[in-house]
Amino acid sequence: MMSNVYAVRNDGFKFQEFCLPITDLIDAAPEPVSTQDVMKFHSNNLPMSSWWKPLRVQFRAAEGFSNASIPDICLWRGFTLVLSSDAHKILSSKLEPFGEFLPVHYGSQEYYIFNCLTLGLADEINSQQDIQDGVFMGVKKLAFNEIDIAEKLIFKTEYNRCSSLFSLASLKILIEKEQFKGIVFNDDLVSEF
């Protein structure tokens with residue numbers, strides 16, 4: 001396992017959860033974009049900026065965590081980042097080569113969904129999928145092709161059906177330097193937490 005690659009995860013229940021029902025996205029998509037394409041936009045690597053209209057979103061604390069704060073950065077659905085205006089100002093130029101920013105409105109504030117469109121190749125010799133009765137159940141072990149991801153600040157991988165975001169250490173360092181709160185960087189690439 002490479003020490004300079006991290007799985008990006010939400011920072012537990014200290015921060016409120018970003019709420020945008022996938023049905024709102026389906027309703028906003030133009031006619032030629034199918035419901036199935038929108039529901040699997042992460043694994044289809046579907047760009048949406050050409051038809052995107054800013055949607056209204058909410059943040060909600062998990063039950064029993066009423067003191068949870070609104071995050072500067074968080075995950076939505078596990079495979080997109082959500083950035084506050086401040087985080088977007090600092091990080092947009094670094095992240096833009098790897099995806100697209102989709103504006104949303106939370107009250108009077110603007111947030112941005114970062115739809116990652118960059119794929120990283122798994123090192124299949126040092127990775128292992130969990131397949132049971134021919135059905136993909138998840139990933140038991142994951143490593144990346146170091147040459148392929150060397151310049152990819154943030155990426156997904158088809159090896160786990162694009163269900164997570166991964167980053168290089170340079171993004172972790174930048175976010176920690178700016179003291180943006182809401183996500184953590186886990187060197188366990190297969191754990192969901």
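In the protein chain, 47% of the 193 residues count as buried, where buried means under 20% relative accessible area with a 1.4 Å probe, protein chains only. The model is predicted, so local features need pLDDT of at least 70 and side-chain atom pairs pLDDT 80 or more, while totals for chains, interfaces and linings use all residues. Residues are numbered from 1 along each chain as its sequence is written, and side-chain values use heavy atoms, without hydrogens and water.

The chain holds six helices and 13 strands, taken as DSSP runs (helices H or I, at least four residues; strands E, at least two). Its C-alpha trace spans about 50 × 40 × 35 Å along the principal axes. Among contacts with a separation of 6 or more, 65% join residues 24 or more positions apart; a contact means heavy atoms within 4.5 Å.

Side chains in the protein chain include 17 positive and 25 negative ones, and the centres of these two sets are 3 Å apart. Lys and Arg count as positive, Asp and Glu as negative; His and the chain ends are not counted. Each charge is placed at NZ of Lys, CZ of Arg, CG of Asp or CD of Glu.

There are zero disulfides in the structure, a disulfide being a pair of cysteine sulfur atoms within 2.5 Å.

| Cysteine | Nearest cysteine sulfur | Distance |
|---|---|---|
| Cys74 | Cys19 | 9.3 Å |
| Cys162 | Cys116 | 8.6 Å |

Cys74 counts as buried because its relative accessibility is 3%. Cys162 is buried as well, with a relative accessible area of 2%.

Conventions
Buried means under 20% relative accessible area, exposed over 50%, partly exposed in between (1.4 Å probe, protein chains only).
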